[in-house]
Amino acid sequence: MIIHTPTTEAQACFVVKSVVASGIPLAIRGGGTRSGLGRPSQAASTLSSAGLTGITLYEPAEMVIGARAGTPLSLVQETLAERGQMLPFEPMDHRLLLGTEGEPTIGAVAAGNISGPRRINAGAARDSLIGIRLINGRGEAIKSGGRVMKNVTGLDLVKLVAGSFGTLGFLTEVVFRVLPKPERVVTLVWRGLPDEAAVALLSTALGSPFEPFAAAHLPAGIGARAFSSEVDTGSPATNAKRLREENASKQGAGAVERSNWIGNGSSEARTLLRLENFSASIDYRSAELAALLTAHGAPEMLEGADSEALWQDVRDAGFFAGTQEAVWRLSLAPTNGPRATAAIANVLPQARWFYDWGGGLVWLAVPDADDAGAAAIRAAIRPLGGHATLVRAPDAIRASVPVFEPLAEPLLRVTAGIKTSFDPAGIFEPGRMYAGI
Amino acid sequence: MSAIAFPVPDESILARRDEIIAGLSRLVAPEALITSADERRPYETDALTAYRRLPLAVVLPSTTQEVAAVLKFCSAQGVPVVPRGAGTSLAGGAIPQEDAVVIGVSKMNRILEIDYANRVAKVQAGVTNLAVTGEVMAEGFFYAPDPSSQLACSIGGNIGMNSGGAHCLKYGVTTNNVLGVTLVMLDGSIVEIGGAHLDSGGLDILGLIVGSEGQLGIVTEATVRILRSAEGARPVLFGFPTSEQAGEAVAAIIGAGIIPVAMEFMDKPAIEICEAFAHAGYPMDVEALLIIEVEGSDAEMDAQLARIVAIAREHGVKTVKESKSAMETAAIWKGRKSAFGATGRIADYICMDGTIPTGQLPHVLRRMDEIVKGYGLRVANVFHAGDGNLHPLILYNCNDPVEAQKAEDAGMDILKLCVEVGGCLTGEHGVGIEKRDLMTVQFNPEDLQQQMRVRAVFDGQWLLNPAKVFPLEGRVAA
């Protein structure tokens with residue numbers, strides 16, 4: 001396996017041009033922590049962004065940061081934190097769920113459109129990505145967007161590339177819009193609600209003027225720590241345990257114990273709303289929300305490490321870390337979330353799930369046998385209008401089951417056409433998203 | 001520079017006009033087909049009124065299926081198509097050409113579904129921007145993008161141009177607020193992209209469609225996010241002795257971690273024009289005015305405003321004037337949103353729409369003034385200060401061809417300046433015909449060819465809104 005590691009954009013162009021001549025397809029790689037997403041790689045060699053690192057632009061007053069694609073995400077986040085800012089969309093860390101190691105890169109956050117719980121209020125990675133530089137399949141360095149947040153000049157190729165998993169080209173640099181970190185964050189927790197009532201609570205809250213930034217529901221049974229229960233203790237689980245401990249230690253002493261206390265409340269369902277604001281507004285808004293939602297009982301309030309640990313598990317689907325299950329992500333209208341899970345549970349009684357995005361994102365774990373439940377899951381959500389994406393499953397299943405929601409014929413044709421328009425020789429990650437494209 | 005060029009009309013299409021009209025008449029109801037010169041006249045231009053061309057025919061379908069039938073027919077006949085929302089484009093995005101059929105969505109103006117629990121509305125493309133908010137206001141909701149033309153402009157047009165507005169600093173522009181569309185492709189296929197859910201896997205074709213200026217297909221329905229309004233909103237006027245101080249105050253507010261819902265800038269000429277029109281109580285003895293709007297409960301607004309006022313004082317603010325009533329709030333926004341119309345009462349103007357990195361604001365304001373004065377003209381500036389989206393209004397007399405040319409030249413110089421300092425040609429109005437020939441200033445040939453190859457996936461014949469966005473020379477086909 002050849003790994004190309006260009007250190008300049010010109011070198012990257014050269015690599016691509018030479019690969020086009022040889023016809024050997026390339027896997028596109030950042031830190032490798034998300035290489036299990038999509039269909040299994042068909043590429044014999046790899047083009048890595050590891051040699052392209054460093055912050056290229058940071059203007060706190062303009063709320064914009066740019067970095068070369070291989071820059072560690074952690075460096076971007078630390079740089080922003082020094083000035084009290086952050087990426088608005090709370091990108092998920094896939095290491096826990098996929099059992100991978102390595103350092104996530106900012107380029108992969110763009111290439112995978114990787115967002116988290118905050119998406120519901122502040123938009124996805126694609127909404128904050130305002131500029132890219134990319135090597136297309138002709139070996140040309142092209143740009144789209146720029147460094148200003150309002151820009152409608154020409155076709156928005158930024159959006160196309162966000163979430164294209166390297167199939168359209170090799171990102172060399174990305175520019176994101178950023179936001180100030182909130183002064184204070186709290187989580188309100190209601191216990192014991194069934195799914196439908198919980199999503200109704202979240203809908204009421206999200207339709208209120210009190211602006212929750214994240215809204216999730218963990219049904220009864222979700223929240224037991226995978227590594228401390230009886231599941232497989234092979235390497236993914238061990239990695240997950242180590243990562244979790246590292247994360248916990250970053251959050252200060254006592255975090256593990258206390259978050260375990262919350263985690264071990266797993267026999268009871270928990271419904272979560274997160275508020276972010278100036279401190280006085282938090283006091284006011286949490287009281288208003290509690291009053292508005294009083295029919296569902298009185299909420300507990302979590303703050304600091306407890307709140308952070310809980311949302312990290314929601315963000316990273318940490319509840320499914322280290323298990324043998326296949327994991328799906330369903331995107332639906334929020335009130336259809338519980339309808340979809342009820343329909344799926346009828347056919348796949350072992351299914352477990354939890355909800356983010358106010359009910360509109362269902363994380364679903366099912367036995368990793370046969371088609372990983374693909375036919376049943378897609379049949380269940382079809383009448384509801386939504387998409388199912390297979391996030392974690394053995395290679396053989398991800399090769400045989402469509403990982404992304406199958407497309408209607410005209411959209412499949414458009415997708416293939418767009419791929420060809422960027423990459424006529426088909427050298428970038430062939431088949432990573434759809435078989436034959 | 002010379003006036004913006006239009007392609008030479010295709011004689012073979014003009015010669016087949018009767019045949020084409022007969023074909024169209026078999027596809028749509030008689031009242032949906034407009035053929036007489038008098039009735040076609042309203043469709044010959046949009047808000048870029050200096051340019052006009054009478055289209056071959058105008059079709060105003062009532063259903064997605066009619067749009068599909070007309071597109072399929074035009075594609076088979078090789079006839080160009082110009083999609084049209086409400087015709088409020090300032091960039092000439094809806095200006096037709098003599099050999100083109102205009103497909104207007106104005107009759108498709110129904111709100112199809114409001115779903116408060118899921119916070120979405122499904123509407124037809126001809127619904128006006130403000131009508132969406134109007135429909136959900138009683139329940140305390142609103143549709144966030146608010147272009148100044150929101151009373152007239154359509155959701156279909158907003159999607160075509162990825163429209164913004166004054167409140168996008170907090171709530172984003174059209175692309176951040178649209179979840180799904182029904183798109184009719186050139187061959188007549190009807191596709192559903194997205195829906196009432198947020199992101200799903202697969203290429204983000206929805207993100208590509210928004211802002212594609214009608215060159216990839218025609219959107220007939222859209223599912224948009226509706227948001228719950230804040231408990232209250234209060235705009236406050238801040239008058240500064242210099243534009244520089246106003247610009248610095250904006251940077252300092254953001255630096256303090258405060259994102260107001262809107263931060264609008266007006267310079268002295270703009271203040272005078274808007275005050276004369278709206279009687280909003282704008283201070284007249286200052287060089288620059290910021291309208292800063294905060295949201296929340298009364299106590300929250302008080303707290304946020306106290307912080308903003310303190311910062312403004314550090315930057316030499318001369319006047320601070322808070323809205324004390326809903327009427328005052330309405331007057332303050334009326335003044336700002338009617339800036340273009342009010343300017344039109346005293347002179348002809350062209351409105352530019354470049355965006356700059358906000359740190360470049362003092363430099364760009366100075367240079368713009370020099371540029372316009374260099375042509376012997378006047379400029380009034382209104383813009384979205386939080387995001388650097390400028391709207392210089394260059395005043396001129398349209399009956400004087402020399403002055404008209406100077407105004408266009410000054411505008412082009414300003415846009416080049418925006419690109420030079422790291423910004424872009426257009427922040428929210430779109431490229432249309434107006435900035436088409438400047439695209440090579442912002443993009444190199446490889447950038448543009450990549451965009452055109454993507455465009456060709458949808459329209460290899462270059463029939464959809466063909467004379468827009470991309471320079472007429474050097475076009476890439478499928």
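Predicted model: local features only at pLDDT ≥ 70, side-chain atom pairs only at ≥ 80, totals over all residues.

Me: Why is H2(B) called roughly antiparallel to H4(B)?

Reply: Helices here are DSSP runs of H or I with at least four residues, strands are runs of E with at least two, and both are numbered from the N terminus. Helix H2 (residues 17-25) and helix H4 (residues 64-77) of chain B have axes that come within 10 Å and cross at roughly 155°. Axes are lines fitted to C-alpha atoms, for helices over the stretch in contact, and angles run from 0 to 180 degrees between N-to-C directions. Angles under 35 degrees count as roughly parallel, over 145 as roughly antiparallel, 65 to 115 as roughly perpendicular and the rest as oblique. The angle therefore makes H2(B) roughly antiparallel to H4(B).

Me: Which residues make that contact, and what classes do they fall into?

Reply: From H2(B) come B:Ile20, B:Gly23 and B:Leu24, and from H4(B) come B:Val70, B:Phe73 and B:Gln77. Two residues are in contact if their C-beta atoms, placed from the backbone, lie within 7 Å. Four of these residues are nonpolar, two are polar and none is charged. Ala, Val, Leu, Ile, Met, Phe, Trp, Tyr, Cys and Pro count as nonpolar, Asp, Glu, Lys and Arg as charged, and the others, Gly among them, as polar.

Me: What makes H10(B) roughly perpendicular to H13(B)?

Reply: The axes of helix H10 (residues 268-278) and helix H13 (residues 339-346) of chain B come within 9 Å and cross at roughly 90°. That angle is why H10(B) is called roughly perpendicular to H13(B). H10(B) contributes B:Ala270, B:Ile273, B:Cys274 and B:Phe277, while H13(B) contributes B:Ala339, B:Ala342, B:Thr343, B:Arg345 and B:Ile346. By class, seven residues of this contact are nonpolar, one is polar and one is charged.

Me: How is chain A divided, and how many residues do its domains 2 and 3 bring to their contact?

Reply: The bounds, which come from an automatic or database domain assignment, are domain 1 (3-180), domain 2 (184-315) and domain 3 (320-400). Domain 2 of chain A brings 21 residues and domain 3 of chain A brings 16. On the domain 2 side, H8(A) gives the most, with six residues. That side has 15 nonpolar, three polar and three charged residues.

Me: What are the domains of chain B, and how far apart are the centres of domains 2 and 3?

Reply: Chain B has domain 1 (11-104), domain 2 (111-228), domain 3 (233-339) and domain 4 (347-431). The C-alpha centres of domains 2 and 3 of chain B lie 29 Å apart. Five residues of domain 2 of chain B are in contact with eight of domain 3 of chain B.

Me: How many residues does each chain bring to the contact between chains A and B, and which helix gives the most on the side of chain A?

Reply: Chain A brings 67 residues and chain B brings 73. Helix H16 (residues 409-422) gives the most on the side of chain A, with eight residues. The side of chain A has 31 nonpolar, 24 polar and 12 charged residues.

Note on methods. Residues numbered from 1 in each chain as written. Chains lettered and ligands numbered in written order.
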